[in-house]
Amino acid sequence: MKKSFLKLTALMLVLSLALAACGGGDKKTSKSSDGGNKSGSQDGGTLTYAMEAEFKGILDVNFYDSQSDSEILTFNTDPLITFDENIKAQPNIAKWETKDNKVFKFTFEKGVKWHNGDELVVDDWIFALETIASIGPDHQRWSNVNTIEGAKEFNEGKADSISGLKKINDYEIEITFDKARANNLENIWQYPLNRKHFADLKGNKNIDDWLASDQVRVNPIGTGPFKIQKVIPGESVELVRFNDYWKGKPKLDKVVVKVIDGSLIVGELENGGVDMSAFHPSLLPEIQKLKNVKIEEVPGLSYYYIGFKLGTFKDGKVVMDKDKYANKQLRQALLYAIDREEWVKEFFSGLGNPVNRPMPSAHWIAADNSELPVNYTYDPEKAKQLLDEAGYKDVDGDGFREDPNGKKFEINFAHYDTGNPTYEARAKAITQYWEEVGIKSKLTMTEVNLYYDQIEKDHETMEAFYGGWGTGADPDPWALWGDDTVWNYPRWVNEEANELLKQAVDVEVVGTDQEKRKNLYVEWQKIFNEEVPALPIMELNDVYAISNKVQGVKITPVGTEDMHKWSIKQ
């Protein structure tokens with residue numbers, strides 16, 4: 001399986017959560033770590049993988065929503081379709097064919113086994129798609145299912161099955177979408193769900209029951225190279241070799257994923273207590289000093305932003321019903337006020353770059369700065385001017401601006417907390433930038449898992465917040481910014497912007513012309529750039545620390561891959 005930064009690094013799910021064929025853009029590279037001696041490769045051994053954030057423990061890929069859980073799922077889950085180093089869709093467990101981008105025929109590999117010994121068949125995929133469809137908008141992957149013909153009718157109880165799913169036999173299925181789209185293949189949810197394992201939950205529309213189940217938290221199963229053997233909530237997950245893995249018996253005996261305080265990771269790498277870790281850029285200078293560790297860096301597919309709650313998510317739709325941050329000039333001023341170049345250099349060891357759009361440069365749809373209407377360079381005087389024009393002025397002479405009605409105005413800014421001390425420091429730096437232009441700001445640090453739950457549920461304490469998205473392989477932004485997706489956390493709706501996104505995947509509009517699609521996405525980015533419903537802060541390269549004794553690790557912009565080939569030099 002390829003490990004995709006879809007959600008957050010903190011939700012980076014994508015997330016991901018949305019997947020797609022992609023070309024051009026910045027040069028993409030893949031790197032392989034061989035420990036300097038291929039001849040030392042051998043079977044056996046345990047690899048210890050460290051991560052900084054406590055995992056939520058939602059350990060079935062059909063339900064996870066956090067980056068920490070994603071890092072664990074990498075080892076025990078395989079997608080039907082994968083993506084190469086150029087982010088192009090490639091067959092994995094399933095291959096496909098289509099003549100019109102509306103009707104697809106998928107053919108499964110025979111003999112692929114679940115960790116409980118069941119053979120993977122198309123009924124397991126149908127079960128996953130129907131489960132998501134029955135739960136509907138409350139499920140984060142609803143946008144990856146609701147384009148299948150009949151999915152919405154199934155969700156509404158008007159049909160007993162999804163009409164667009166036609167089983168041919170155990171290994172072949174025909175899927176019909178509601179219309180031809182350029183990204184139907186990449187967007188569809190690509191992870192089956194074992195029917196026997198979840199038999200007692202079949203038809204249950206309450207997503208909380210699924211999330212709390214033992215099948216998700218205690219004894220999850222997948223089809224990947226390693227199966228989960230032991231879970232210590234919030235601390236570690238032990239995975240053992242799955243001898244019947246369909247691509248071949250893995251070389252490692254075991255993988256142990258541990259949560260380790262960020263301040264201890266460097267020492268653990270140095271003394272051999274940790275073999276591999278994706279690490280925070282602030283640790284780069286210290287890790288570079290280690291003699292027994294290699295650093296791998298690849299272009300990232302993630303971006304970070306500051307969001308504002310402009311509304312709420314009600315009955316499956318985004319509704320803009322909050323006023324505090326509705327003023328566009330206010331939001332623009334807050335972005336001009338931040339010295340992002342200085343901030344990235346200080347807190348991310350220069351591994352990131354400021355961006356003016358919600359799209360990493362590695363994707364082919366990314367607009368060039370020259371195409372965007374506003375270039376938000378650091379300009380506190382411009383910020384003050386915009387605030388004055390918008391009516392945010394210091395009325396009482398206390399050094400801070402009141403709102404246009406003369407009332408006290410304060411930004412309640414939230415940031416997630418994983419125990420890494422640099423997080424609070426970087427968050428305070430943001431509030432200091434704002435206070436320098438006269439906007440009073442209050443910072444709240446919240447435990448990372450609670451943090452994203454509160455954002456998703458539009459909790460009253462979440463009004464301005466720091467977040468990040470991994471865009472996955474599909475550059476289409478609908479899953480994160482559409483008007484029917486729960487992951488549109490700022491709750492922004494713009495009819496013109498939404499129409500552009502719909503046209504960008506409509507085969508009747510763009511056909512197979514990638515340039516037409518890009519032009520429409522660029523127009524969407526122009527609207528976002530001017531409206532700034534969220535402040536795009538930076539894009540970030542992905543960095544991994546790998547012990548010299550670990551061999552066979554390949555990393556691409558989409559993540560790590562071929563874990564069954566990894567080995568440890570004994």
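Guide: A residue is called buried if its relative accessible area is under 20%, exposed if over 50%, and partly exposed in between, with a 1.4 Å probe and protein chains only. The model is predicted, so local features need pLDDT of at least 70 and side-chain atom pairs count only at pLDDT 80 or more, while totals for chains, interfaces and linings use all residues. Residues are numbered from 1 along each chain as its sequence is written, and side-chain values use heavy atoms, with hydrogens and water left out.

Visitor: What percentage of the residues of the chain count as buried?

Guide: Of the 570 residues, 61% count as buried.

Visitor: How does the radius of gyration of the chain agree with that of a compact globule?

Guide: The radius is taken over C-alpha atoms, and the globule rule is 2.2 Å times the number of residues to the power 0.38. For 570 residues a compact globule would have a value near 25 Å, and the chain, with 23 Å, agrees. The C-alpha trace spans about 75 × 60 × 45 Å along its principal axes.

Visitor: How is a pair of aromatic rings described?

Guide: Such a pair is described by the distance of the centres and the angle of the planes. Rings of Phe, Tyr and Trp (its six-membered ring) pair if their centres lie within 6.5 Å; planes under 30 degrees apart are stacked, over 60 edge-to-face, and the rest tilted. The structure holds 38 aromatic pairs. In one of them, Trp343 and Phe347 are tilted, at 6.1 Å centre to centre and 55° between the planes.

Visitor: Where do Trp343 and Phe347 lie?

Guide: Helices (H or I, at least four residues) and strands (E, at least two) are DSSP runs, numbered from the N terminus. Both residues lie in helix α10 (residues 340–347), four residues apart, about one turn of the helix. Trp343 and Phe347 are both buried. Ring pairs link them into a cluster with others, including Tyr304 and Phe348.

Visitor: Which strand does β11 run antiparallel to?

Guide: Two strands pair if DSSP finds at least two bridges between them. Strand β11 (residues 226–232) is joined by six bridges to β12 (residues 236–241), and the two run antiparallel. Ile232 stands opposite Ser236 in β12. Three residues lie between the strands of this hairpin, where Gly234 takes a positive phi near 75°.
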